[in-house]
Amino acid sequence: MAWIQVDNVTLDYPLIGMGSRSLKNRVLGLATGGIISSGDRIPIIRALSDVSLRLQEGDRLGLIGHNGAGKSTLLKVLAGIYWPTQGRVASQGHIVSTLNIALGMEGEATGRENIYIRGRLLGLNSAQITQKMDDIIAFTELGDYIDMPVRIYSSGMSMRLAFAIVTAMDSDILLMDEVIGTGDAAFISKAEHRLNEFMNRSKILVLASHSEDVIRKFCAICMLLEHSRVVATGATAEVLDIYRERSAA
């Protein structure tokens with residue numbers, strides 16, 4: 001049984017290298033969306049403030065809000081990249097994140113070797129990677145380039161490989177920051193079909209996006225964040241209405 005529980009999570013982190021003299025004692029960080037405060041020496045940004053949520057199998061949660069509202073930060077907390085300053089995060093189930101789909105790609109290694117490297121980073125053993133290998137290679141359409149160093153790939157070829165690897169994974173909990181692009185217009189239709197299958201295989205989906213159409217398509221429930229705080233949570237259509245109203249105000 002997959003689940004996520006977040007209880008009253010607050011996340012602060014220091015702005016290293018910035019002097020507090022240039023900042024007021026407490027200002028609204030419009031560029032970051034968080035709250036910046038100056039302590040004795042190092043300014044601190046509050047990236048999340050008292051966030052709580054509970055998800056179980058079958059839940060599809062969309063995260064919306066302006067740039068810097070806290071969407072990506074919340075995903076990173078769920079992925080275990082950031083540890084909360086206060087509160088508690090717990091989950092059960094295998095987590096796959098697309099926060100950096102090229103993580104672990106080695107330029108000097110071949111495409112085939114990178115499938116093994118990235119697969120191991122995603123928690124697969126050698127037998128599982130071997131089982132998925134032919135499907136991944138076929139999807140990339142890289143041909144003989146699959147056995148050449150990734151450093152000679154174009155950006156579109158590298159993106160195809162990274163996309164094919166991560167979308168071949170099976171997850172209990174899928175964390176996505178925007179829908180993955182492929183960098184190749186001729187590849188989009190094929191990629192969208194694979195991406196839909198990838199999301200549908202997950203037991204729990206948490207998707208951050210600026211696109212209302214994407215959120216409406218994939219998510220039954222929605223959370224609106226503003227300046228590190230949760231403003232509204234509920235049915236997607238209702239929360240999107242609130243988002244539009246507040247954006248227009």
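Buried means under 20% relative accessible area, exposed means over 50%, and partly exposed lies in between (1.4 Å probe, protein chains only). The model is predicted: local features need pLDDT of at least 70, side-chain atom pairs count only at pLDDT 80 or more, and totals for chains, interfaces and linings use all residues. Residues are numbered from 1 along each chain as its sequence is written, and side-chain values use heavy atoms, with hydrogens and water left out.

**Cysteines**

The structure holds 0 disulfides (pairs of cysteine sulfur atoms within 2.5 Å). C219 is in no disulfide; its nearest cysteine sulfur belongs to C222, 6.8 Å away. C222 is likewise in no disulfide.

| Residue | Relative accessible area | Class |
|---|---|---|
| C219 | 5% | buried |
| C222 | 0% | buried |
| Y145 | 39% | partly exposed |

**Helix α4**

Helices (H or I, at least four residues) and strands (E, at least two) are DSSP runs, numbered from the N terminus. Helix α4 covers residues 155-166. Its 12 residues should span 16 Å at 1.5 Å a residue, and the end C-alpha atoms are 17 Å apart, which agrees. The expected span is 1.5 Å times one less than the number of residues.

Of those 12 residues, 9 are buried, so α4 is largely enclosed by the rest of the structure. Among the buried ones are G156, M157, R160 and F163. The buried residues of α4 pack against β7 (95-97), α2 (111-121), α3 (126-140) and α5 (188-201). Contact here means heavy atoms within 4.5 Å.

Y145 sits in the loop between α3 and α4.
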